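This briefing goes through one protein model, from its overall fold to single residues. Please keep the sequence and the structure in view while reading.

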Amino acid sequence: MTKRFSFGQLVLLVVTLALAVIWLAPLAWAVATSLKPEAETTKIPLEWFGSEITFDAYALVLGTGGIVKWAINSTVTALVVTFMTVLFSAMAAYGFARTQFRGQRALLGLVLAGIMVPPQVLIAPLFAEMVSFGLVDTWWAIILPQVAAPLIVYILFKFFQDVPAELEQAAFVDGAGRWRVFFQIVLPLSRPVLGAVSIFTFINTWNNFLWPFLVSTDPNTMTLPVGLANVVQGTFGLRYAQIMASVVLAGLPLLVVFVLFQRQIIRGVAHTGLAGQ
């Protein structure tokens, strides 16, 4: 029996397909341009496909652009930031959700206020702080400011509030301490939301350009977005095929992460109720 779609479902399907096309069109253009001969990337009128498919741009980027080193730097930075952010945010969120202390509401309000402050506003004082500590051009200058994530604290705080307190009370009766309850009961129950926020943090850190650009001038500590900016401005100039090849290579790891962990993202969103916020 053929299933019939309602008018609302058809409208939703059309809107979804339109959004998919809008999102995929720039990606398709970047891939097509990266596979053109360099001389044809500025051909007028513009054409989707060149006279031949060539991987010369990818060979030049991988051979002379330092992209492998920058990709390793980005991977290490993103993994460290993700681990530290999720761990410290979970500890703070659990403290707000399960303990009572003087000034708790004021401190929680301060954390939530951090969500409303644009990160760009904090760039100048953060940079001055890194300079005063002598951390410029080090891994810590890139990592530490990204670990403070008020939004992640709020998401985990809302989730921990919904964790049955009876499970923790039973553990306390059996002699478990607060830290043991947190690491052996609360965190295992929170794997869906922890997985989702970990993936979001990893992607955000990988894509972060402005802050690493400001505190990193040493090629040995540059992340991939910063390195690609230097490629565009210097080594390759306005060679569009190589620029697009760099962009495609930079985006591949994120695409792999999303494909591998899309179930965890969906489960995390469902468990935290983010879909309705």
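The notes below cover the fold, the pockets, the record annotations and selected residues.

This is a predicted model, in which local features need pLDDT of at least 70, side-chain atom pairs count only at pLDDT 80 or more, and totals for chains, interfaces and linings use all residues. Residues are numbered from 1 along each chain as its sequence is written, and side-chain values use heavy atoms, with hydrogens and water left out. The protein has 13 helices and 0 strands.

**Overall fold**

- Helices (H or I, at least four residues) and strands (E, at least two) are DSSP runs, numbered from the N terminus.
- Along the sequence the pattern reads α-α-α-α-α-α-α-α-α-α-α-α-α.
- The protein has 277 residues, of which 36% count as buried; buried means under 20% relative accessible area, exposed over 50%, and partly exposed in between (1.4 Å probe, protein chains only).
- Among contacts with a separation of 6 or more, 73% join residues 24 or more positions apart; a contact means heavy atoms within 4.5 Å.

**Largest pocket**

- A pocket is found on a 1 Å grid over the protein atoms alone, as an open set of points where a 1.4 Å probe fits, with protein on both sides within 12 Å along at least five of seven lines; lining residues have an atom within 4 Å of a point.
- The largest pocket has a volume of about 950 Å³, where volume is the space filled by probe spheres set on the points, and points are joined across faces, edges and corners.
- Of the 28 residues that line the largest pocket, P119, Q146, A148, A149 and N204 are the closest to its centre.
- Two or more lining residues come from each of α3 (67-98), α4 (104-116), α5 (123-133), α6 (139-147), α7 (150-161), α10 (191-207) and α11 (210-215).
- Helix α10 gives the most to this lining of the largest pocket, with 6 residues.
- The lining of the largest pocket has 19 nonpolar, 9 polar and no charged residues; Ala, Val, Leu, Ile, Met, Phe, Trp, Tyr, Cys and Pro count as nonpolar, Asp, Glu, Lys and Arg as charged, and the others, Gly among them, as polar.

**Second largest pocket**

- The volume of the second largest pocket is about 620 Å³.
- It is lined by 18 residues, and the closest to its centre are W23, L27, G251, L252 and L254.
- At least two residues of the lining of the second largest pocket come from each of α1, α10, α12 (224-235) and α13 (240-272).
- Helix α13 supplies the largest share of the lining of the second largest pocket, 8 residues.
- By class, the lining of the second largest pocket comprises 16 nonpolar, 2 polar and no charged residues.

**Record annotations**

- An unreviewed UniProt entry lists residues 70-94, 106-127, 139-160, 181-203 and 240-261 under "transmembrane region"; positions are given in the numbering used here, feature names are shortened, and annotations may be inferred rather than shown by experiment.
- Residues 181-203 are 96% helix and 0% strand, with end C-alpha atoms 30 Å apart.
- Residues 240-261 are 100% helix and 0% strand, and their end C-alpha atoms lie 32 Å apart.

**Buried residues in helices**

- S34 lies in helix α1 (residues 7-34) and is buried, because its relative accessible area is 0%.
- The S34 side chain reaches the backbone oxygen of V31 at 2.7 Å.
- Neighbours within four places in sequence aside, S34 is in contact with T54, A57, Y58, A241, M244, A245 and V248.
- Q104, in helix α4, counts as buried because its relative accessibility is 10%.
- Apart from neighbours within four places in sequence, Q104 is in contact with G95, F96 and T99.
- W70, in helix α3, counts as buried because its relative accessibility is 9%.
- W70 and T223 are 153 residues apart in sequence, and their C-alpha atoms are 4.9 Å apart.

**Loop residues**

- F55 is placed in the loop between α1 and α2 (56-64) and counts as exposed, because its relative accessibility is 55%.
- D137 lies in the loop between α5 and α6 and is partly exposed, because its relative accessible area is 26%.
- D137 is not a glycine, yet has a positive phi of about 65°.

Terms used:
A polar contact is a pair of N or O atoms within 3.5 Å; within protein, one must be able to donate a hydrogen and the other to accept it, and residues adjacent in sequence count only if both atoms are side-chain atoms.
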